[in-house]
Amino acid sequence: HGAVDKLTHCTQQMLALARSSAQASSVHDQAPIDLADLLEEAASTWLDVALRRQTELEFEIQPASCLGSRWMLQELLGNLIDNAIKHSPAGAQVTVRCGLDSKQRPFLEVEDQGPGIPVAERDQIFEPFFRSSLATSSGSGLGLAIVREVANRHQASVSLLETPAQRGTRVRITFAAGLQTSPSSESSALA
């Protein structure tokens, strides 16, 4: 049963990678995307998975919007959250954020408390089928390749940032500035 689940997951990821490639998609379905709404959807999708893995899933939501393809951004965020949960030990915290950076650019960010990514592997980690030497769970090595492909389709940058505890992984997707949110929007947090 476990092998079938892994095969299904790998097949779904390969299809997602193919669908998000430049050859298959020109991102014609771009529309304004409220990143706070995207994170709220992710909360309802991933909360049960996190609970089963004994991981605390926290959301830090600030108002932010970007132009993009909703299904592609859901795929991007899902892969980041899935990786963070899989590679964090039981009892760890995974934090998902959105907001505007200091240059008023919208961003999505996922931070975990897993083993992190060795500096020597950071250039390779977004290549299809590459798996970190510190990976703590099985996987196909396609999740971060999908993230990079979707980010590229949205002219967004992908950054690996240092975590405050100097342990774990913090991935940020930064979109171009332009689409602003209403100033009356309030911050919210889901746990």
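**Entry 1: the fold along the chain.** What pattern does the chain follow when read along the sequence? I noted first that this is a predicted model. Reading along, I got α-β-α-β-β-α-β-β-α-β-β-β. My tally of the secondary structure came to four helices and eight strands.

Entry 2: I looked up burial next: of the 191 residues in the chain, 45% are buried. The chain exposes about 9,700 Å², with 53% of that supplied by carbon and sulfur atoms. I also checked contacts between residues at least 6 apart in sequence, and 71% of them join residues at least 24 apart.

Entry 3: I then followed strand β2, residues 56-61, where the side chains alternate. Leu-57, Phe-59 and Ile-61 point to one face and are buried. For a neighbor, I found strand β4 (residues 93-100), which pairs with β2 in the parallel sense over six bridges. Leu-57 turned up again here, with Val-94 in β4 as its bridge partner.

**Entry 4: a pocket.** Which residues line the second largest pocket? I listed Trp-46, Val-49, Arg-52, Arg-53, Asp-82, Ile-85 and Lys-86. Two elements, α2 (35-52) and α3 (70-87), each give two or more residues to this lining.

How values were computed
Residues are numbered from 1 along each chain as its sequence is written. This is a predicted model: local features need pLDDT of at least 70, side-chain atom pairs count only at pLDDT 80 or more; totals for chains, interfaces and linings use all residues. Side-chain values use heavy atoms; hydrogens and water are left out. Buried means under 20% relative accessible area, exposed over 50%, partly exposed in between (1.4 Å probe, protein chains only). Contact means heavy atoms within 4.5 Å. Accessible areas come from the Shrake-Rupley method with a 1.4 Å probe; for residues, only the protein chains shown count as cover. On a 1 Å grid over the protein atoms alone, a cavity is a set of points where a 1.4 Å probe fits but cannot get out, and a pocket is an open set with protein on both sides within 12 Å along at least five of seven lines; lining residues have an atom within 4 Å of a point. Two strands pair if DSSP finds at least two bridges between them.
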